[in-house]
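Thank you all for coming; I would like to walk you through one model this morning. Please have the sequence and the structure open while I talk.

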Amino acid sequence: MSMILAGEPAPEVPGAEQTPAGGTVAAGGSAWRMILAVFVRNRLAVLGVGIVIFMVLFSFLGPVFYHTDQVHTRLSLINLAPGHAHPLGTDNVGYDVLGRLMLSGQSSIIVGLSAALLATVVGTLWGAVAGYVGGAVDAVMMRVVDSVLAIPPLILILLLASVFKVSTPVLILVVALVAWLAPARLVRGEAISLRTREYVQMAKAMGGRHVWIVLRHITPNAIGTIVVQATFEVANAILLLAALSYLGLGPAPPATNWGSMLSDGLNYIYEGKWWLIYPAGIAIVLTVVAFNFIGDALRAALEVRLQER
Amino acid sequence: MTAYLARRFVQAVAVVFGVTVIVFIIIHALPGGPARGLMGPEASALQVHEFIVQNGYDQPLPVQYGRFIGQLVQGNLGYSYHYNQTVTALLGQDLPKSLVLVGLAYAVALIVAIPLGIMQAVRRNSLADYVTTGASFVAYSMPTFWLGILLILGFAISWRLLPPEAPQGATVSAVLSHPNAMVLPVVTLALVSIAAFSRFMRSSAIETLVQDYIRTARAMGVPERIILLRHLLRNSLIPIVTLIGLSLPATISGAVITESVFNYPGMGLLFYTAATSHDFPVLLGSTVVFATATVLGSLLADVLYAVVDPRVRLA
């Protein structure tokens, strides 16, 4: 019986990469071009990519053109309303909000991408090995996944953040610890169907080592599912980081991210200081929605390709 | 059917066992070691030493794990030196209030999401479908805390229609005596579920709409209203049973956020306060309870699904 969960991409896309009879390398290339074509036709996906590119340029290139002091607090410049010197005003310790938004964007994007990457790699390998080996090993490995999955994500991440001293690498690790489960489950599903394929059997019969088969045959053939899931994981990681920081368990003061900015700004929610709340909140929502758009479009493109084959 | 349920039950037990192992590992990863972590920074060295001996933290790990499980089975979830109360007593006080919040939110979510999803499916690709599907996509991508903040900014601060803080009180009846103050927390928690449920309901109803029995009923001239109620609604509802059970982890996460945004005195706020004040006994005890609830939720979802849908039993 299939487990249906909102927001989780439809699993089981069997044979995502199987080359059709008589297919050549060129056929593989055109398949990817077709995915690209479907993807570009999807306007929401293009919008999503646009937003992501904008956010990356804004956060990483922005400070090159827009210089602000994000190190020294200035008590004479506290909570200034937006004006000429500060387009988005200043915050409760005198930092320029626009400049802070860029700095926060850097750490949000870095933690989001790194955590998603780490989670995807670990999850993929875990799932591929479990699905490929099968039997008792699979049962034990999957019960480990189920056990971690049984702890609601926010509960697990708050627990870990309170036990370990939070720094950027720890934050990446903690978010990844919560995020590797979904890719592990999906890739296991793929691996179970892939291991019975002729070319995998062939590789085995020819004496291919298990490590080689998992890395060279199982994982690359599940790449579509993996990429789609990884995109959603970035959105989830940014959201988890924001929630954690909003709750006050994020990185300590000189470091910041959009969630921390929001958390600080909320102390002034009754005083009409909108510039302390809206910019950070909107940045989080835009980025998360953008990655979800991209993920949805990638999934749709992958399904179209399977149907047209 | 029996074999399926038995296998599912054994799996659930294995998962709960796995959760206790994870919690046990975290206890031993606590800063300053388990004794210091559980007793808090103010305990003296002598007290810590006594605690270690009394609770067997000097014994081999398997023995320690056995004791830990023994305590859990007896309902002893630990002692909070922060509140000077047992964790069980703290949970006993706050869990019912969280259940009220979550229960109300689920009720609101189902009442809104089921008709909404069916409307979207019946009039799919119409303007109304596009608008509501788009809205639920945005709501689904929105962080729960941001939804709560927006609602406070609008309804409490700008328009002054509702209080920004949840009702305060030690008991369920005290909380329920301020229905006005319950509105925003319930709506916040419900909105996220509405987004997820209606998306799901829409695709489920679209699948049902193309079934032969719907076409037959239409061909026989059965009024559209009856088709919607008797054939479409009933059959599209089946997956919702599963969805409720499986959405429990997301809802628990949402409840923690909602309760801390609105200062609602439930288990989520208790957990959040414990996380910020490093009250590890409360954190670990609640984690076991949350995880057990999640496992029971998905077990119940599978059992109910098998009861509601005969196709699962035969498969």
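Predicted model: local features only at pLDDT ≥ 70, side-chain atom pairs only at ≥ 80, totals over all residues.

Residues are numbered from 1 along each chain as its sequence is written, and chains are lettered from A and ligands numbered from 1 in the order in which they are written.

Between the chains, 44 residues of chain B are in contact with 38 residues of chain A, contact meaning C-beta atoms, placed from the backbone, within 7 Å. On the chain B side, α1(B) contributes the most, with seven residues; helices here are DSSP runs of H or I, at least four residues, numbered from the N terminus.

The largest nonpolar core has 151 residues, and among those with the most contacts inside it are Ile155(A), Leu158(A) and Phe271(B). Such a core joins buried Ala, Val, Leu, Ile, Met, Phe, Trp, Tyr and Cys residues through C-beta atoms within 7 Å, buried meaning 20 or more other C-beta atoms within 10 Å of the residue's own. Leaving aside neighbours within four places in sequence, Phe271(B) touches Ile155(A) and Leu158(A), as well as Val256(B), Leu283(B) and Ser286(B).

Finally, within chain A, residues of α2(A), including Met55(A) and Phe58(A), meet residues of α3(A), among them Met102(A) and Ile109(A).

Technical notes: Buried ≥ 20, exposed ≤ 12 C-beta atoms within 10 Å, placed from the backbone. Contact = placed C-beta atoms within 7 Å. Helix = DSSP H or I, 4+ residues; strand = E, 2+ residues; numbered from the N terminus.
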